[in-house]
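Please consult the sequence and the structure below while reading.

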Amino acid sequence: MTNEESWVLAYVCDRSGGTRHAILIDPADQSAEVAAKRCVAAVSAGSRMILVGGSSGTDTDNVHDTITAIREALELITWASSQDSSLDEGEWQVPIILFPQGAAALSPAADGITFMMLMNSTSPRFLIEEQTAGAPFIREAGIEALPMGYVICAPGGRAGQVGQASLIEAEDDERVKAYAMAAESYGFRIFYLEAGSGASHPVAQNLIQSAKEACDLTLVVGGGIRDGKTARLAAEAGADWIITGNLAEEFDDADELHQVLTQFINEMNGA
Ligand code: 1GP
């Protein structure tokens, strides 16, 4: 991973290659060692980014330990690949990005951070206060901030509750468009539609389409996506990134997870 400024933002916002998959690791749900194994399986299956964070139960210690373990595992494989001309070294070079619940769950070991405004929160804490509390640490640690508008759609789950979100319902197309326009006007580069981890249903396709029409930002969609066909629908609606969290947590066996995610990514890409 190079340390050039804006490398991570350029990578995340590169929309030239179609929809990509990212795995979300919640350090509250798994040990650092297990997280690292799951990330190796995911990256070998074609996942192109690793997000680390969760709505509750994360702190600086478990976030830092998890990121460090993932980085070490990927670096080891990158090194091994560089020694073997039949393996593609570049395949392992994916960014590890903080996806924080707040200022108290950060780590200097990350390549970047989704520096987000929870735009439909009713609490100033998630609109600006946590961001302000975390900004000096992020600057000091040299973590690249990825400016992002984050909106939570129904059902919203724990993220909606913790973030005190006024949820966007499936028929609120005009509202999601307005948020997308506001995100673009703020200069954010990424717009994230979240249904909540473990959601009974993902973000409605029409909301994804509406957001896509309303802004020219990198569009990220996550929450309640459990199979490749559902991911395909989100991709067709305009998602540039599909995020899954729970899916990987169902598999302790790395080979099985590799197979499941390979199929998921193939289906997401319409293969
Ligand atoms: C990331 O909250 C999602 O946007 C993850 O959701 O755990 O349901 O995949 P799942």
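In helix α6, residues D173, V176, K177, A180, M181 and E184 meet N206, L207, S210, A211, E213 and A214 of helix α7. By class, this contact of α6 with α7 holds six nonpolar, two polar and four charged residues. The model described here is predicted.

**Packing of α6 and α7**

- Helix α6 spans residues 173–186 and helix α7 spans residues 205–214; the two pack at an angle of about 40°.
- The axes of α6 and α7 lie 8 Å apart, and the crossing of these helices is right-handed.

**Packing of α8 and α10**

- Helix α8 (residues 228–237) packs against helix α10 (residues 254–268) at an angle of about 35°, and their axes are 7 Å apart.
- The crossing in which α8 passes α10 is right-handed.
- Sorted by class, the contact of α8 with α10 comprises four nonpolar, one polar and three charged residues.

- An unreviewed UniProt entry carries the annotation "binding site" for D26 and S55.
- These residues are spread over 30 residues of sequence, yet they cluster in space, with a largest C-alpha distance of 8.6 Å.
- Both D26 and S55 are included in the lining of the largest pocket.
- D26 is located in the loop that runs between β1 (20–25) and α2 (32–45).
- D26 counts as buried because its relative accessibility, 14%, is under the 20% cut-off.
- Not counting residues up to four places away in sequence, D26 touches G53, G54, S56, T58 and E249.
- S55 sits in the loop between β2 (49–52) and α3 (60–82).
- The relative accessible area of S55 is 25%, which lies between the 20% and 50% cut-offs, so S55 is classed as partly exposed.
- With residues up to four places away in sequence not counted, S55 touches Q101, R158, A159 and V162.

- Y192 is part of strand β6, which covers residues 190–194.
- Because its relative accessible area is 2%, under the 20% cut-off, Y192 is buried.
- Leaving aside neighbours within four places in sequence, Y192 is in contact with L51, F99, M148, G149, Y150, V151, V220, G222 and I243.
- G223 is placed in the loop between β7 (218–222) and α8.
- G223 has a relative accessible area of 11%, under the 20% cut-off, and is therefore buried.
- Apart from residues up to four places away in sequence, G223 touches E194, A195, G196, A199, H201, P202, V203 and I243.

Definitions and conventions:
Residues are numbered from 1 along each chain as its sequence is written. This is a predicted model: local features need pLDDT of at least 70, side-chain atom pairs count only at pLDDT 80 or more; totals for chains, interfaces and linings use all residues. Side-chain values use heavy atoms; hydrogens and water are left out. UniProt positions are given in the numbering used here, feature names are shortened, and annotations may be inferred rather than shown by experiment. On a 1 Å grid over the protein atoms alone, a cavity is a set of points where a 1.4 Å probe fits but cannot get out, and a pocket is an open set with protein on both sides within 12 Å along at least five of seven lines; lining residues have an atom within 4 Å of a point. Helices (H or I, at least four residues) and strands (E, at least two) are DSSP runs, numbered from the N terminus. Buried means under 20% relative accessible area, exposed over 50%, partly exposed in between (1.4 Å probe, protein chains only). Contact means heavy atoms within 4.5 Å. Axes are lines fitted to C-alpha atoms, for helices over the stretch in contact, and angles run from 0 to 180 degrees between N-to-C directions. A crossing is left-handed if the near helix is turned anticlockwise from the far one by less than a right angle, and right-handed if clockwise. Ala, Val, Leu, Ile, Met, Phe, Trp, Tyr, Cys and Pro count as nonpolar, Asp, Glu, Lys and Arg as charged, and the others, Gly among them, as polar.
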